[in-house]
Amino acid sequence: MKLILFDIDGTLIQANGAGKQMLALAMEDVFGTAGPIEKYNLGGKTDTQIVTDLLRATAIPDHQIETNLPTLFARMVHHGQTVLPTSRAAPCPGVKPLLAALQGRPDMLLGLVTGNIEPVAPLKLAAAGLDPTIFRVGAYGSQHHDRNQLPPLAMKQATDLTKLQFAGYNTIVVGDTPLDIQCARANGAKAVAVATGRYTLTTLNQYKPDILLPNLADTETVLQLLLA
Ligand SMILES: [Mg+2]
């Protein structure tokens, strides 16, 4: 059995800046500032890392950031309820048929590895018309600031769930940024990169993913590549 760990933003869905907006509103509520969020590259980073980087830039001390993270996460969920329904979030090309094809397979276990915090991930997926419950395991940006630390958490859940061993050799990480490719590498997993986020094929290619695709639209080809 293979474990496929999908990133959310730019890979499964386009949320049209909804995530950034929820984060900015929540940071203003809790810390009075969203720091230099307009100049900051969020791509591939965990929400915990984003918040920490942005608040450090405004000289808010680390202990104050850490203490207030649970409140901040609750405010993100709160703002999600108004921001997400108007975001026109949508699945990336081919995602719906691909997930439908993967979902029924006994040789594939679907999961998430995302910088989103745990309660926001299902909200975003549902806003884009995807069923969050098909992802049987998940590791989230609320669990660790460093994305590279997330796949082992999902692998352990997969092992607990199936009683089968999961490690890099039978895990695939699908993402849209150089940090997703590095996250796969750091865990010995296969790196699948898709150019449906902010990064072009040319840029992603520089990070040497195992598989590089313009998008996930060609269901048959993507299935063959994932099964290979
Ligand atoms: Mg992404």
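**Notebook: loop glycine, sheet, helices and core**

I began with Gly94, which sits in the loop between β3 (90-91) and α4 (95-103); helices (H or I, at least four residues) and strands (E, at least two) are DSSP runs, numbered from the N terminus. I keep in mind that this is a predicted model, in which local features need pLDDT of at least 70, side-chain atom pairs count only at pLDDT 80 or more, and totals for chains, interfaces and linings use all residues. Residues are numbered from 1 along each chain as its sequence is written.

Leaving out residues up to four places away in sequence, I found Gly94 touching Asn215, Leu216, Ala217, Asp218 and Thr219; contact requires C-beta atoms, placed from the backbone, within 7 Å. I also looked up Gly19, which is 75 residues from Gly94 along the chain, and their C-alpha atoms are separated by 22 Å.

Next I turned to the sheet. It is open, with six strands in the order β5-β4-β1-β6-β7-β8 and parallel pairing, a pair being two strands between which DSSP finds at least two bridges. Its edge strands, each pairing on one side only, are β5 (137-140) and β8 (211-213). Strand β7 (residues 190-194) runs parallel to β8 and is joined to β8 by three bridges, and Val192 stands opposite Ile211 in β8. Helix α7 (residues 178-186) lies across β4 (108-114), β6 (171-175) and β7, and runs at about 170 degrees to β7; axes are lines fitted to C-alpha atoms, for helices over the stretch in contact, with angles from 0 to 180 degrees between N-to-C directions.

In helix α3 (residues 62-83) I noted a kink of about 50 degrees at Leu69, shortly before the proline Pro70; the bend is the angle between axes fitted to the seven residues ending there and the seven starting there. The buried residues of α3 are Leu72, Phe73, Met76, Gly80 and Val83, and they pack against α1, α2 (47-56) and α5 (120-127).

Last, I checked the largest nonpolar core, which has 70 residues, with Leu5, Ile13, Met27 and Val173 touching the most other members; such a core is a set of buried Ala, Val, Leu, Ile, Met, Phe, Trp, Tyr and Cys residues joined through C-beta atoms within 7 Å. Helix α1 (residues 18-31) gives the most to this core, with seven residues.

Definitions and conventions
A residue is buried if 20 or more other C-beta atoms lie within 10 Å of its own, exposed if 12 or fewer, and partly exposed in between; C-beta atoms are placed from the backbone. Two residues are in contact if their C-beta atoms, placed from the backbone, lie within 7 Å.
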